[in-house]
Amino acid sequence: MPAETVPLPRLVPTPLPGGQVEARLLRLVDRIKNDDALAFEELYRLTRDDVARTLFHLTGRRNDLDDLVQETYVRLLRAIPAFRGESQFRTFLYRVCSNVALMHLRWWRRRREDLSDELPEQVFGGVDPERAAQQAQATRLVHRALDTLSAKKRVVFVYHELCGMGPEDIAQAVGSSYNTVRSRLHSARLDFTKAMKALVQLEVQP
């Protein structure tokens with residue numbers, strides 16, 4: 001299977017249209033600023049799955065995922081008073097996710113652990129076993145290739161290729177310039193493609 005044809009697993013979108021979700025989140029943010037604890041619980045419920053998937057793609061970690069999610073929401077609660085609506089709330093949320101992920105990735109790389117056994121089992125409902133096996137293999141290869149990227153390149157690559165964010169939104173989410181994001185994204189794509197080709201070659205060797 002050529003590296004270029006390996007499908008990237010995309011994050012599952014929120015069921016409601018984006019505009020409705022964003023407006024709902026903004027109303028919750030206003031309530032949270034007024035010390036409404038129930039509003040934060042509802043925001044957590046609405047965004048938790050998205051945050052967990054994003055953090056998994058950003059870090060490749062499964063065992064630590066709950067801790068990373070909790071750290072993200074602790075930081076988010078502290079950061080919400082500073083949110084002024086200059087960007088979408090989801091962009092603001094992804095910035096908190098990226099900060100948590102970068103901190104974790106730097107810590108992990110110092111420990112030099114092997115993440116190959118951290119990939120979750122994938123369940124593909126309604127797909128024949130052969131196709132499901134191919135998709136599971138593709139997902140494993142993608143995550144191993146992601147692990148070869150530097151922390152900053154991995155963040156912009158995941159946000160663009162897996163979260164569907166544009167360079168301008170990514171720049172706001174990671175606190176970098178548009179040109180820096182474009183440069184990192186270009187370099188990350190080259191590194192990712194190179195890693196995928198090498199991994200695929202290892203897979204097909206007898």
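Trainee: In which helix is Val174 found?
Mentor: This is a predicted model, in which local features need pLDDT of at least 70 and side-chain atom pairs count only at pLDDT 80 or more, while totals for chains, interfaces and linings use all residues. Residues are numbered from 1 along each chain as its sequence is written, and side-chain values use heavy atoms, with hydrogens and water left out. Helices are DSSP runs of H or I with at least four residues, strands are E runs of at least two, and both are numbered from the N terminus. Follow the chain to residues 167–174, and the helix that holds Val174 is H7.

Trainee: Which residues is Val174 in contact with, leaving aside its neighbours within four places in sequence?
Mentor: Contact here means heavy atoms within 4.5 Å. The whole set of partners is Arg95, Ser98, Val155, Tyr159 and Val181.

Trainee: At what angle do helix H2 and helix H3 pack?
Mentor: To find them, take residues 37–59 for H2 and residues 65–79 for H3, whose axes lie 9 Å apart. On the H2 side the contact includes Phe40, Leu43 and Tyr44, and on the H3 side it includes Leu65, Tyr73 and Leu76. By class, the residues of this contact are 13 nonpolar, four polar and two charged (nonpolar being Ala, Val, Leu, Ile, Met, Phe, Trp, Tyr, Cys and Pro, charged being Asp, Glu, Lys and Arg, and polar the others, Gly among them). The angle between H2 and H3 is about 125°.

Trainee: How are H2 and H6 oriented to each other?
Mentor: H6 covers residues 151–162, and H2 packs against it at an angle of about 130°, with the axes 9 Å apart. Among the residues that make the contact are Phe56 and His57 of H2, together with Val155 and Tyr159 of H6. Angles under 35 degrees count as roughly parallel, over 145 as roughly antiparallel, 65 to 115 as roughly perpendicular and the rest as oblique. The orientation of H2 and H6 is therefore oblique.

Trainee: How many aromatic pairs does the count come to?
Mentor: Rings of Phe, Tyr and Trp (its six-membered ring) pair if their centres lie within 6.5 Å, and the planes are stacked under 30 degrees, edge-to-face over 60 and tilted otherwise. Ring pairs also link Phe40, Tyr44 and Tyr73 into a cluster. By this rule, the number of aromatic pairs is seven.

Trainee: Why is the pair of Phe89 and Phe92 given the class that it has, and which class is that?
Mentor: Both residues lie in helix H4 (residues 89–111), three residues apart, which is about one turn of the helix. Phe89 is buried at 0% relative accessibility, and Phe92 is buried as well, at 17%. The ring centres are 6.0 Å apart and the planes stand at 35°, so the class of the pair is tilted.

Trainee: What is the phi of Asp35 near?
Mentor: Asp35 has its place in the loop between helix H1 (18–33) and H2, and at 72% relative accessibility it counts as exposed. Most residues other than glycine have a negative phi. Asp35 is a residue other than glycine with a positive phi, near 65°.

Technical notes. Buried means under 20% relative accessible area, exposed over 50%, partly exposed in between (1.4 Å probe, protein chains only). Axes are lines fitted to C-alpha atoms, for helices over the stretch in contact, and angles run from 0 to 180 degrees between N-to-C directions.
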